[in-house]
Amino acid sequence: MNKKIKKIAILTGGGDCSGLNAVIRAVVKTAILKYGYEVTGFIGGYHGLYTNNYWEMDMKSVSGIFHQGGTILKMSNRDNLFNYRMVDEDGNVRYEDVSDVAIENLKKHDIDALVIIGGDGTLTSARDFARKGVNVIGIPKTIDNDVPSTEITFGYRTALDHIMESLDALHTTAYSHNRIMILEVMGRHAGWLALEGGIAGSADVILIPEIAYDIEKVSNHLIARFNRGSHFSILCVSEGAVPKGGEVTVKAVDKQKPDSERLGGIGDVVAEQLRQHVKPVTGQDIRNTTLGYIQRGGVTNTFDRVLSTKYGAHAVDMIAGGKFGRMVTINDDKMCSVPIKEVVGTGETGETSRGGARRVDPNGDLVNTAKDIGISFGD
Ligand code: F6P
């Protein structure tokens, strides 16, 4: 055990997902019970680190939060302290590097190590704080399950449960009204949520970003199904799905976020395309439902409670072992770690972290299994 460590801090950044509180609980409990560390929580992600908004945490702070979605420490996905948005009295906007203010705050609190829980934007800043000498440990977080170097992120399986339950629920209306029902799910440019959620929710068509779809192939599949006597169909469509030769559907652009494009709307696009291609043949009505933020919330499921606990406890073991500048990973069910820069890139060649996102293999087992049982990807 590293004797020099007395006090650690923790913050959550980016967008929320189920399991964050379970990670916080595991970090606090392991720190206090196993190593006797003190724990400070910064509130509101990097913004709290900058404004010195903090909470001295004890065992009571994490009591009763294990199952709850969200984060008791709050979070933000727009506070990059290395390029921080400042607005003067006249409303003029400028961007400044305020990371030294954050480092001063860590010194004020005598913090020896900082656990940063977040997605690629948050981890990119974690890498940069590590470069400035802060003892950082990163923990990956996203429902999208697209972080490289680790085989699964917490929050993903709980999100899958929401997708499966939603598809189950949509089946009843689809069946009763002989309709084609579409469920648009999240995932950005990775199709894991649509793929595994779609298989579990018994979708007839799954559209994912990794396999460009041809609307005629999708339509023919649905018409053939109708002609076989199945008068309803279910589609699970990833927000990042792309038509052959087309573009991803962007709902909004927010320049203050590291991922400035907010995806969404493809479910309605596909619905309209099917109204033109399928409805004239089968007469079926087509409806889209966008599942949205429900996927990120709710009670954390069994798998994610255990996974989050493993991630949190291992982060503190890494602090004790002096393994800084690294992100906790899980591979073959074993906790390990990799340098954060291996996950988000070095930032030196201008590469973007999303370029390295872990995406679905279009020729992989999961896609092939889905195809084996007659699910169409529109390819
Ligand atoms: O990365 C997680 C995620 O939920 C994506 O699936 C989705 O595209 C995005 O975040 C939405 O972000 P925001 O909270 O900014 O709308």
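Student: What kinds of residues make up the shell around the ligand, in terms of nonpolar, polar and charged?

Tutor: The shell around the ligand has three nonpolar, three polar and six charged residues, and please keep in mind that this is a predicted model.

Student: Ok, and which residues are around the ligand?

Tutor: They are Asn77, Thr142, Ile143, Asp144, Met186, Gly187, Arg188, Glu239, Lys257, Arg262, Tyr293 and Arg296.

Student: Where do the polar atoms of Glu239 and Tyr293 sit relative to the ligand?

Tutor: For Glu239, a polar side-chain atom is 2.5 Å from an oxygen atom of the ligand, while for Tyr293 a polar side-chain atom is 2.4 Å from a ligand oxygen atom. Gly187 takes part through its backbone, with a polar backbone atom placed 3.0 Å from an oxygen atom of the ligand.

Student: And how much of the ligand's accessible area does the protein cover?

Tutor: On its own the ligand has 400 Å² of accessible area, and the protein covers 86% of it.

Student: Switching to the domains, where are their bounds?

Tutor: Domain 1 consists of 7–154 + 300–344, and domain 2 consists of 159–297 + 361–372. Their centres, taken over C-alpha atoms, are 33 Å apart.

Student: How many residues are in contact between the two?

Tutor: The contact involves 15 residues of domain 1 and 16 residues of domain 2. Between them the two domains bury about 1300 Å², with 47% of that area on carbon and sulfur atoms. On the domain 1 side, Arg78, Ile143 and Asp144 supply 43% of the area buried against domain 2, which is more than any other three residues. Of these, Ile143 and Asp144 are also among the residues around the ligand.

Student: What about Arg78, which residue does it form a salt bridge with?

Tutor: Arg78 forms a salt bridge with Asp254, where the closest N and O atoms are 2.5 Å apart. Two salt bridges are counted between domain 1 and domain 2, along with four residue pairs in polar contact, both residues being at pLDDT 80 or more. The side of domain 1 that touches domain 2 comprises three nonpolar, six polar and six charged residues.

Definitions and conventions. Residues are numbered from 1 along each chain as its sequence is written. This is a predicted model: local features need pLDDT of at least 70, side-chain atom pairs count only at pLDDT 80 or more; totals for chains, interfaces and linings use all residues. Side-chain values use heavy atoms; hydrogens and water are left out. Domain bounds come from an automatic or database domain assignment. Contact means heavy atoms within 4.5 Å. Buried area is the accessible area (1.4 Å probe) that two parts lose on being put together, summed over both. A salt bridge is a side-chain nitrogen of Lys or Arg within 4 Å of a carboxyl oxygen of Asp or Glu. A polar contact is a pair of N or O atoms within 3.5 Å; within protein, one must be able to donate a hydrogen and the other to accept it, and residues adjacent in sequence count only if both atoms are side-chain atoms. Ala, Val, Leu, Ile, Met, Phe, Trp, Tyr, Cys and Pro count as nonpolar, Asp, Glu, Lys and Arg as charged, and the others, Gly among them, as polar. A residue is near a molecule or strand if one of its heavy atoms lies within 4 Å of it. Accessible areas come from the Shrake-Rupley method with a 1.4 Å probe; for residues, only the protein chains shown count as cover.
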